[in-house]
Amino acid sequence: MRGQILAVRPNDEVLVKHEDIKGFMPAMTMPYKVRQPALLQSAAAGDLISATLVVGDNDAWLTRIDKTGTA
């Protein structure tokens with residue numbers, strides 16, 4: 001997915017305003033968990049990102065976050 005980080009929250013969570021995820025969900029702002037805290041070490045509000053969203057049976061999380069710019 002592609003979007004903008006609005007906030008990095010405690011408990012390994014990031015608030016992302018993202019574009020449409022084709023075939024899955026429309027554009028929206030949502031919190032996402034990160035299971036690897038190291039992914040958030042250099043993340044900051046305002047970062048434009050490309051990320052990989054993994055969807056499980058009862059939850060979803062990001063496994064890759066690449067900074068593509070700053071807003």
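Of the 71 residues in this chain, 34% count as buried. Welcome to the structure, which is a predicted model.

**Overall picture**

- Along its principal axes, the C-alpha trace spans about 30 × 25 × 15 Å.
- The chain exposes about 4,400 Å², and carbon and sulfur atoms supply 50% of that area.
- Among contacts with a separation of 6 or more, 36% come from residues 24 or more positions apart.
- There are 8 positive and 8 negative side chains, and the centres of the two sets lie 4 Å apart.

**Strand S1 and its partners**

- S1 covers residues 2–9 and runs antiparallel to S4 (residues 47–55), with 3 bridges joining the two strands.
- Within that pairing, glycine 3 stands opposite isoleucine 49 in S4.
- S1 is also joined to S2, again in the antiparallel sense, by 6 bridges.
- Here valine 8 has valine 14 in S2 as its bridge partner.
- S1 and S2 form a hairpin with 3 residues between them, and asparagine 11 in the turn has a positive phi of about 65°.

**Strand S5 and its partners**

- S5 (residues 60–70) pairs with S4 in the antiparallel sense over 9 bridges.
- Valine 55 stands opposite alanine 60 in S5.
- A hairpin is formed by S4 and S5, with 4 residues between them.
- S5 pairs with S3 as well, this time in the parallel sense, over 2 bridges.
- Lysine 33 has tryptophan 61 as its bridge partner in S5.

**A closer look at alanine 27**

- Alanine 27 lies in the loop between strand S2 (13–18) and strand S3 (28–34).
- Its relative accessible area is 45%, so alanine 27 is partly exposed, a class that lies between the buried limit of under 20% and the exposed limit of over 50%.
- Leaving aside residues up to four places away in sequence, alanine 27 touches His18, Glu19 and Asp20.
- Threonine 68 is 41 residues from alanine 27 along the chain, and the C-alpha atoms of the two are separated by 18 Å.

Key. Residues numbered from 1 in each chain as written. Predicted model: local features only at pLDDT ≥ 70, side-chain atom pairs only at ≥ 80, totals over all residues. Heavy atoms only, no water. Buried < 20%, exposed > 50% of the residue type's maximum accessible area, 1.4 Å probe, protein only. Contact = heavy atoms within 4.5 Å. Pairing = 2+ DSSP bridges. Areas by Shrake-Rupley, 256 points an atom, 1.4 Å probe, with all protein chains shown as cover. Lys, Arg positive; Asp, Glu negative; His and termini not counted. Charge placed at Lys NZ, Arg CZ, Asp CG, Glu CD.
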